[in-house]
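One wants to learn how to read it.

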Amino acid sequence: MTIKEAKLPVTLHLVFDNDPELYSCELVAIENTDSENDTCKLVCEDLMPQTCRLTAPYSMLDTSAVHFESGVHLFLDENEATKLAESFK
């Protein structure tokens, strides 16, 4: 299943480069989709004290994981996220 196909809300598992901790949030909406300019906003709750909006390439939603150049990785599959997080131990 891809992020675009997921029934919302769905849990996303987050891994940050060089951090062995696994985090999670609820993806509650995908807003401002613009396939022509390849952008969208992922609306996430339960990651920060307030709702978080992450700008992402729209084309990346056709996968089960999103890897940002900033070192943030989002996964639908908790096992995949755990493997990456453990690699930073």
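The dialogue below takes a few features in turn.

Q: What should I know before I start?
A: This is a predicted model, in which local features need pLDDT of at least 70, side-chain atom pairs count only at pLDDT 80 or more, and totals for chains, interfaces and linings use all residues. Residues are numbered from 1 along each chain as its sequence is written, and side-chain values use heavy atoms, with hydrogens and water left out.

Q: Where does His-13 lie?
A: Start with the naming. Strands (E, at least two residues) and helices (H or I, at least four) are DSSP runs, numbered from the N terminus. His-13 belongs to strand β1, residues 10-16.

Q: Is His-13 buried or exposed?
A: Use the cut-offs. Buried means under 20% relative accessible area, exposed over 50%, and partly exposed in between (1.4 Å probe, protein chains only). His-13 has a relative accessible area of 10%, so His-13 is buried.

Q: Which residues is His-13 in contact with?
A: Contact means heavy atoms within 4.5 Å. Leave aside neighbours within four places in sequence; the contacts of His-13 then include Leu-22, Tyr-23, His-73, Asp-77 and Ala-81.

Q: What does Leu-12 touch?
A: Leu-12 also sits in strand β1. Its relative accessibility is 0%, so Leu-12 counts as buried. Not counting residues up to four places away in sequence, Leu-12 touches Tyr-23, Ser-24, Cys-25, Leu-27, Cys-44, Leu-74, Phe-75 and Leu-76. For a sense of distance, take Asp-38: its C-alpha atom is 21 Å from that of Leu-12, and the two are 26 residues apart along the chain.

Q: How many residues has the largest nonpolar core?
A: A nonpolar core is a set of buried Ala, Val, Leu, Ile, Met, Phe, Trp, Tyr and Cys residues joined through side-chain atoms within 4.5 Å. The largest one here has 18 residues. Leu-12, Leu-27, Leu-42 and Leu-74 have the most contacts inside it. Strands β1, β2 (23-34), β3 (39-45) and β6 (72-75) each supply at least two residues of this core. A second, separate core has five residues, among them Val-15, Ala-65, Ala-81 and Ala-85.

Q: How many salt bridges does a search of the whole structure find?
A: Side chains of opposite charge can pair when their charged atoms come close. A salt bridge is a side-chain nitrogen of Lys or Arg within 4 Å of a carboxyl oxygen of Asp or Glu. The search finds two. In one, the side chains of Lys-4 and Asp-62 meet at 2.9 Å, N to O. Lys-4 lies in the segment before β1 and Asp-62 in the loop between β4 and β5 (65-67), so this pair ties together parts that are 58 residues apart in sequence.

Q: Which strands does the pair of Arg-53 and Glu-31 link?
A: These side chains meet in a salt bridge at 3.3 Å, N to O. Arg-53 is in strand β4 and Glu-31 in strand β2, 22 residues apart. Arg-53 is partly exposed at 47% relative accessibility, and Glu-31 is partly exposed at 29%.
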